[in-house]
Each structure stands twice: as C-alpha cells, then as structure tokens.
Amino acid sequence: MIPESERTISLDQLPEEGSATVAGVTVPTDAAERTLVLRLLELGFVPGERVQVIHEGRHRRDPIAVRLGHTTFALRRHEAAFIQVTPSA
Amino acid sequence: MSIPSPALPLRIALLGNPNCGKTALFNLLTGSRQKVANYAGVTVERKEGVMRTASGRRIKVLDLPGAYSLNALSNDEAVTRDVITGHSKEALPDLLVCVADATNLRLHLRLVLEARQLGLPLVVALNKMDRAKQLGIVIDRALLARELNLPIVETVSVHAHGADALRAALDEPLRAAPPPHWKQPDVEQVLATQSDVLGIFNRTVTSPTTDKDPSIRIDRFLMHPVWGFVVLALVLFITFLAVFSGGDVLSGWIEDGFGAIAGAVEANMADGPLRGLLVEGVIGGVGGVIVFLPQILILFGFILALEASGYLPRAAFLLDKPMSAAGLSGRSFIPLLSSFACAIPGIMATRTISHWRDRLTTILIAPLMACSARIPVYTLLVAALFPDDAMSAALVMVGLYALGIVAAMTVAWFIKRSDKHAARSPLLMELPAYQWPDLRSLVIGLWERAVIFLRRVGTIILAITIVMWALYTVPSPRDNGRSLAGELGHALHHVFKPIGFNEQISFALVPGMAAREVVVSALGTAYAMDGEEDAVKEQLRERITREWPLATKLSLLLWMVFAPQCLSTFVVVKRETGSWKQMWIMGGYLFALAYLASLITYQLTTWLTAS
C-alpha cells in the first residue's frame, strides 16, 4: 500500500463525528509513552481499522471518545496524537 | 506398569478483558461459595470460589483481575500475568478459562491468542451470547474452534443455566502441558498477533454493517457537554439523598434493636462491672458503629450498580478535564467516589490507575473525602450548632463535604506542582456498552461489603470499645479522682488546648484514631452518661449545645474534615504504596492541615465572639 502521507492526520485532529481509517502509529522514544502506544495497538488501533470520533469533552474539546469496531474508548488528545489516520472522504 | 488415568482439572482460573462479564460468570459458577482476600503482598482483591462441574466434581475457581493484555500496565494486570505465567506464590491453575465477550470479539480475541501462547490447557468461553444474537452478530463457532484449535463453549453469565456448557467442558481430561513461558512482546509481535486476530475474526464473525449498539444513542445524551453534567449531578444527588434519608430510617431500627438488647440486659443482670462492660462497652460501642451499616451499604449499592451499568467510566470521561486542572485524570473519579463510603475500598480501587503518580496522589487525597464514618460526628456537632434550624444544618453538612473535596483538589494541585518533570498521565479507558446490572453480582458484592464491615466491628471496634470502657473505669494510680482515660485526656489536652478541645474531646480522639465512628460513643463515655444509644446521643447533644463554646464546636468540625484517622487507612496506604514514607506523608500532611484549620477557626471565632 502506498502511504497517502498528504492525507494522513493524527487522530486528535479528526473533527467530531469524523470517520477515518487507521494508517499507523508513531512509536515514541520515551519508555512510558512507548508502553502506551503498545497498549493502543493491543486495543486494536492498528492499520486498516475504521475509527470515528463520537464525543468531545467540554473543555478544549478534550478528552475524546473514539468508536473502534464495537468498542468505545476514551482518550486524551495527547494520546490520540500517536495514532495516524486517513480521514474518509 | 500402570497407565496413569488422564488428569481432570482441579483448579481453574478465569481470565478475561475488563467488562467481559467474567465476574458475573464467576458468581454464577460459584454462587455464595467464594472467599475474598488479597494476593500476597498486594491489595489486589483475590476472589476464589468452589464450583461443581457437570458430573458433580468440586473444583476451585480463581477469578483473576481483568486484563486487556499480559503486557501489564496496572497492578491488576500484573497480578493476572504473574499468576498464569507461574511467577507468583499462587499455584499454577490446571486450566485457564479465557472469557471473551461475543459482542466484542475483535478486542477480546487478542487476549485469547496471547493466552494460547502460554501453552496451558485453555477453554474459551464466549460470553454474552444472548446479546450478540440481539445485535445480529453471527459467530461460526465450529470454525472459530478449528481456527483457534481450542475448545469453545457459549455462556450467558446472567442466566441461571448460562454456564452449563462450561460445567460440562470442565469434565474433559487435561492434556499434558509444558510449564508456561511468556516474553514481553515488541511492536512487531503485537502487530503480528493483531493481524492473526483480524484474520480469524473476519473469517468467523459476521457483524451487521450498521452499528446497532444502543449505547451510542444513550451516550448522545449522557455524554452531552451540558446534559451529561446535569445527569451526573442528579445521579450524585440521588445517591447521597438515598444514603442520608434511607440510611436514617434503617439506622433507626438498628438503634432501637440495640436499645432493646441493652434494656433487656439491664433488667436481667445485677448492677456491677460486668453489666457495665456489656451495656456501655459492648452493646453501646458496637451498636454505635453498626448503625452505619445501612448507609455504607446504600452507598456501595449505588456505586456497584453504576459501575456494572457502565455509567461510571462516562462520569470519569466528563470529569477528566476538570480533574486534570488539579493534576488528576478522570480515572481518579471512581476511587474518590468510593471513598465517600470508606477510604479503604477507595484506595484499593486506585489499582486500576496505571500511572503511578496519579495513583499515589489519589491515594493521598482519598481520606479527605468525607467517609460515612464521619457522618455521626458531623450530625452530632451540626445538630448542636443549629438545634432548631434544620435548613442551616443541612447546608453546613453540604459545606463540610464540599470543603473536603476542595481541600483534596488543592492538595492534588500542590502535589502536581511539586513534581515538575512529571510525565503527562494517560486517560485511555474503555467506555463499555451499557447493560442492566446483574442482580446476583450486586447482591454478592453487597454481601461481601457487609461481611468486611461486620468483621471489622466484631474485631477491632469491639476491642477498642472494651479497652476504652476499661480505661474509663479503672482509676488513675495517682489517686486524684481521675480515671486512666482522664489522665490520658489531661495529658493530650496540652496539645489540643490551642485549638479549643477540652479533656473529654482530647481523649475521645484517641479511639477515634482507630475508628472514627467511635468518637461519638467515646464522648458519651467521657461524659459518663449511661443509657441506651438514643438517650446517650440526646443527652450528649444537649450538653454539647450548652457547655461547649461555639469556637470549640466549629474547631472540632474542621478537625473531623481534615484529621488523619482510622488506623486501617494507614495500613492500606502502607500496603498499597509499599512505603512507610508515603504513609507518614499522608498522616503528617493531614494532621498539619487539621491542626492549622482548627487553630485558625478556634482563635478567630474566639476573638470574634469576645469582641
């Protein structure tokens, strides 16, 4: 698959109600953040999966609730930023 | 040479993601035949029970803490990993039952694959099969079993016969298994497993193209930026209203019951030290504490039901940002809410917070949430402050709760500021599908809480009340007309005089250290009033209203808001944090806060009322 880099944004930039397909994750160097990203992968934020932002928090639109398959996850924008997605047209 | 007969499982363990319905399944399998304790060295709750297989064999079932992965992020997950990889003091289970939510297989299959790698005998329980059918999810069970190369049974943990297939599967002979081995996976291995999961999932599960989960529609309202908060406020209001009003009625009955017992003992026993011990020490003391059982159970009932319904993570979502202003995350909400019942389960509930600093902060501030043991002392003092004004009394009660919350958030904010290099804490949590709480699990959960509370009353609180009674009865060796208790109160009085406490209060604080609830009965004993519980309270309130200056009443109220109390909390903090230092930090800051608040209040009020 050719990465469509110009269309890829991080999940925290996806607007409310916006759908997208996971393109990949950024693996950080910091150990604690690496563990977090590993957990995101284990929860299913892997390339090819469809995601949708279904809620945003009241203050600075943080945290967000993301629908992934049959599961909803709450995460802060800081965590969502590790996930790269391709927004659906 | 004899051929060894194939071994049957004797000890099994239930493994599964959080929210897979594992505990409901455990409750269905074992009923009331379960034992709750802690794993060696940690306060993670260890639940074990006995069940019968289809052929009637009795086997032991261990309900492991919920885990998304063996690559543990929290204490809970670490315990689960250690038990099934043979790295704990627990005996290795003969067989693992991996419970997977049939409505959420995409997520739960991964743990099945991870568990399969261990090499232990494994049975997969596809739980919530009824829900899956309702949602139009079709699972090719035979194909799934072939793909996984594992036996699969279907279960419905909320139906009486929902575990029959599992009971039958547990009579199958075990195959020999090598000792389990587990290595922490790296990113590539996690991706490889996920790709296997996706392959199996796509081949065996057909889901409707439209997401039919009603939770999404419910959340439009319950997680709405405005209505969500309105509902949350309403939920909390109803909870506390039920605790205070419902609890009052039931507590009244318990009080009457103990009053009747005391009366019967007094009528049938000759006056003497033994009667004194029984009536004032045992019946008065223990009865004075048992009256809180309804309030504690009502609060726990609400918390357990809200948790089982899936609502609490939503509340945590709504409160994440406000709490992050104080340096916490929404994850601290559930432990702090539980702390209103009792700080101990609250502190234990922090074990799901993976971020250590967040967890420590939550533990340190949990005692500032007004636990139910403080209710009687608050009630007594507030009634003495406003004898004829129920409205003001109610407002002051609300104010005391609010003061604790504000203080907790302020302390959390200071802890955050003191640690400049702190990494950002993650929120990352699942918002599970809404469901009706399982009644069986609710009843078992409440029963457990009641047993823990009554055991505490029967041991530590009973012992304290007897010792206290003895201290009041035995005269001082210095022969000055004081009892031993009087001597102690006299000595402590030097410390507490600046904050306006008299000798009776000073002494009552000593047993209060062990259990806050006994402060009221200790004051009663200190003023040497006998009679049944109700009468003691009435006389005590009159004397307090009449004899204590306003400044003393206010000062003691503030003391009760902040003071470090209840030794059990100290013990739990030490065990949870594994550090004496953190325990003393908690005790120290709470004492300083309490002393300072009472000092300012007392001196200021004295000065204002004098001028």
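What follows is a friendly tour of a strand pair and a helix in chain B.

A: The model is predicted, with local features needing pLDDT of at least 70, side-chain atom pairs counting only at pLDDT 80 or more, and totals for chains, interfaces and linings using all residues. Residues are numbered from 1 along each chain as its sequence is written, chains are lettered from A and ligands numbered from 1 in the order in which they are written, and side-chain values use heavy atoms, without hydrogens or water.

Let's start with strand S3(B), residues 45-52. Because six of its eight residues are buried (under 20% relative accessible area with a 1.4 Å probe, protein chains only), S3(B) is largely enclosed by the rest of the structure. Its antiparallel partner is S4(B), residues 58-63, and six bridges join the two (strands pair when DSSP finds at least two). To see one bridge up close, find Gly49(B), whose partner in S4(B) is Val61(B). The hairpin has five residues between its strands, and there Gly56(B) takes a positive phi near 95°.

Now move along chain B to helix H3(B), residues 105-118 (helices are DSSP runs of H or I with at least four residues; strands are E runs of at least two). Its 14 residues reach 20 Å from first C-alpha to last, close to the 20 Å expected at 1.5 Å a residue (1.5 Å times one less than the residue count). H3(B) is mostly covered, with twelve of the 14 residues buried. Among them are Leu105(B), His108(B), Glu114(B) and Leu118(B). Just after the helix comes Gly119(B), with a positive phi of about 95°.

Definitions and conventions
Buried < 20%, exposed > 50% of the residue type's maximum accessible area, 1.4 Å probe, protein only.
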